[in-house]
Every structure is written in structure tokens, then in C-alpha cells.
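Me: I would like to go through this model and ask what stands behind each label given to it. Please set the values against the cut-offs.

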Amino acid sequence: MSLHRLVNPVMPYAWGSRGAIAALQGRPPSGQPEAELWIGAHPQAPSTLERDGRSLGALIEDCPQETIGERLVDQFGGRLPFMVKVIAAAQALSLQVHPDDDDARAGFAREAAAGLDVTDPRRNYRDANAKPEMVLAISPFEALLGFRSSTEAAEALASLRVRSLDGVVAALRDGAATGDAFLQLVQWPLAERAQLIAAVRAAASSDQELAWLVQLADRHPDDPGVVAALLLNRRTLAPGQACYVAPGVIHGYLRGTAIEVLGCSDNVVRAGLTAKHIAVEELRSLLTRTATPPVLLEPHATSDGEERWQVPRPEFQLARLRVDGKSVVARRGEPELLLCVSGKVEVCGGDQSVGLRSGESCFVDANTPELTFVGQGVTVRATPGDLTPHVEPAA
């Protein structure tokens, strides 16, 4: 078989929406937060094959050449290098960075040698893989993406008129990297944190543009990440807009629903806005400290009638295909994860077909030379990116 309908786990993190993923899948809400729908072969929460209950990872391990193809076997050691998530945030996620290839391998080995089980909450590295990512907004999607310039960051803090921040403001005005100021803030003395957040909240409450900051302060009254968040670029992606987040770039998602395509990894180094493990020293080694404007991605139309977003990494790219009553033929030859995001679409490959409704997905193996889509709906297709060596965009 070359088309494999998938059953995908939903991750019940506390910040998740209680309705967005259920609405996408056309089912009643579970009554619990549903934060992420995972689609892929990550061992922590793999998709399973509907027909026999095997994990997608087991299918690939049993026949890697047939499922992911020779090129990916050679470059990624027989694993699917990308995964897809539907992320549905009702509250802010943690401020975080992800590692590049070398940092992921070294960090994973270091924590394993220290005797930390892969499920230990103190672990930052749960696998040895890099974690670049892109998001494609489904609803208006509020995000914090990379550091503002030193000048912009200084003015944002100065506008609060909180005396205890005067030293940070002065350093930024003297040209200190925004990331250095960020590290200073997230290491604010424990005994003074609640007082700092209370002062910042009081100052922000008179400015409607800072309502989001007041909400963060209410949820995290003793977390200096509330103040540090002001040093990041805040953007709201409209439905259909996409952005890329490189390893090392600080980011956090505030609210909304999006499709996330990322390296097949669960490596997270957190900096704040969370009750989970915060690893400042690890953050210090990974963090891109200079100003990093958001990398917004423009889609490119293909000859198949798709829109495609490419990133400067070999792990993945993403395409969106609209089907409106007429059959659409898409040339391929690489493995893919396919997710229907609206309507109903039948996917045909060779002598097989899979019908997908909104929120349903399938894996297509590398030996399927052509796909035909019929019906009415929209699908997204995650496939490998350019397998040549990558260069990250300049900060």
C-alpha cells in the first residue's frame, strides 16, 4: 500500500483551546484543553495506521526505501525528518528556542550521559534532531517572533516608566544586544520578581495596546518572562499568512490556530511564561541575541496549481492545494503528510484512494509517482525540502 490513513494523537496541554481542533475535525469538544494535533512519526506521540494500529514510525522502520525513499534514507538515517501539527492556543505558550543540528546532537547525548530519562521534565533534548519550524495561520494568530532592535526594545521598556528597569533601558540605549537584555530580565532576582511584574502590570493597564501584556502578568505574576516578552516583535498573522522560525530564534505564540510544520523533534529550551523547566544556561548557548525581524514567507504558485512555501532547510516544505469540483493531478515522488483542512477530498494514487474530511490525514509513501485529488476542499501537503546544504537567512 502507498496511501495510509492516519489516526493522530491530540496533546492536552493546559494552554490549548477547548474547541478549535474539535471544530476542525467536525466532532464534539472533549471538554478538556486540546492544544496540538500531532501528525507524524515522532516516537513520543506517533500517528498510527488506521488499518492495523501500527505506528507510522514502525512502518517506516520496516521498509524505509519504499516509504521515504533513498534520498531521505541517505540524509536522515531512515527517519521521516518532518512532522505536522495543528496548534490551537487559547493562552500563551512559553517563550522558547529550538536547537540546530549540532546543538541537538550534543545536548541529547549530554543529558543521556547525565542519566536523565527521556521523559524527565528537566530534559531539554528529547531527541537528537534540529527543530526548525514554520506556521501557517488558520485563524488570526498572535505571535512573538524574534528580538526587536535595541532601540525599539529600549523604548518599549522606557514607556512603562518602571524605575527598576532603568539599568536595562540604559544598556539597550548604549547598544547592548537585545538578547543580552533578555537574559538579564529572565534572571531577575527571585525576591524582586513579583514586585517587578506588579509594577509592569500597573503601567501596562493604562495602554490598550498592552492588553496582551496585562493578560500575561495575570497568568504569570512572578515570571520575569512577562517583561522580557516586550523585547520581542509582536505580530498577528492573518489566515493564510506564514512565517518561518529558525533554530535559536526566540519566539512564543499567544493565541490562535495554525498549521505548524517542523523538524521531527520535541526539543524545547524554555525561557519563561511557563511552569515547566526553564534552562537559562542552555538558553544562553543557543540564543540568537541580535535583532531578528520576523521571516514572513510568500507562497509560490506551482504548475500543479498549488501554493508552496519553502524554507531554508532540508527537512520540509509546505504546499496548499484547493480542489473545487475538478480533478487536480499533482506530480510527486517524495513522501508526504497530507492533511485536509476544509471540505472533503478524495486522494487517489495508483489503484488506491483515500477519502479525507476536514481534520483527517494520510501518509503517502515515496513510491507513489502521481496523486489525483477530486472533490471540494483544501488540503496541505508537507514534503521534504531542498536536500542540498542549507543556509539560514541573515539576522
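This is a predicted model: local features need pLDDT of at least 70, side-chain atom pairs count only at pLDDT 80 or more; totals for chains, interfaces and linings use all residues.

Me: Why is C362 called buried?

Reply: Buried means under 20% relative accessible area. C362 has 0%, so the label applies.

Me: What makes C63 partly exposed?

Reply: The relative accessibility of C63 is 22%.

Me: Is S2 buried or exposed?

Reply: S2 has a relative accessible area of 11%. Buried requires a value under 20%, so S2 is buried. S2 lies in the segment before β1 (3-7).

Me: Which residues does S2 touch, leaving aside its neighbours within four places in sequence?

Reply: S2 is in contact with G349, Q352, F363, V364, D365 and T368.

Me: What makes the pair S2 and T368 a polar contact?

Reply: The two side chains meet at 3.3 Å. The limit for a pair of N or O atoms is 3.5 Å, so the distance qualifies.

Me: Why is strand β11 described as largely enclosed?

Reply: Strand β11 covers residues 251-263, and twelve of its 13 residues are buried, so the rest of the structure largely encloses the strand.

Me: How do you know that β5 and β11 are paired?

Reply: Pairing takes at least two bridges. Strand β5 (residues 82-89) has eight bridges to β11, so the two count as paired, and they run antiparallel. V86 stands opposite I259 in β11.

Me: Which other strands pair with β11?

Reply: Among them is β7 (residues 133-137), joined to β11 by five bridges in the antiparallel sense. In that pairing V135 stands opposite E260. Strand β8 (residues 141-147) is also antiparallel to β11, over four bridges, with L144 opposite G252.

Me: What makes β18 and β21 a pair?

Reply: Eleven bridges join strand β18 (residues 336-349) to β21, and at least two are needed, so they pair; the two run antiparallel. V347 faces F373 of β21. Strand β21 (residues 370-383) is also joined by eight bridges to strand β16 (residues 317-324), again antiparallel. The bridge partner of V323 in β21 is G377.

Me: What is the volume of the largest pocket, and which residues are closest to its centre?

Reply: The volume is about 710 Å³. The lining counts 36 residues, and Y13, W15, V268, R270 and K276 are the closest to the centre.

Me: Which strands supply at least two residues of that lining?

Reply: β3 (36-39), β5 and β11 each do. The largest share comes from β11, with three residues.

Definitions and conventions
Residues are numbered from 1 along each chain as its sequence is written. Side-chain values use heavy atoms; hydrogens and water are left out. Buried means under 20% relative accessible area, exposed over 50%, partly exposed in between (1.4 Å probe, protein chains only). A polar contact is a pair of N or O atoms within 3.5 Å; within protein, one must be able to donate a hydrogen and the other to accept it, and residues adjacent in sequence count only if both atoms are side-chain atoms. Contact means heavy atoms within 4.5 Å. On a 1 Å grid over the protein atoms alone, a cavity is a set of points where a 1.4 Å probe fits but cannot get out, and a pocket is an open set with protein on both sides within 12 Å along at least five of seven lines; lining residues have an atom within 4 Å of a point. Grid points are joined across faces, edges and corners, and a volume is the space filled by probe spheres set on the points.
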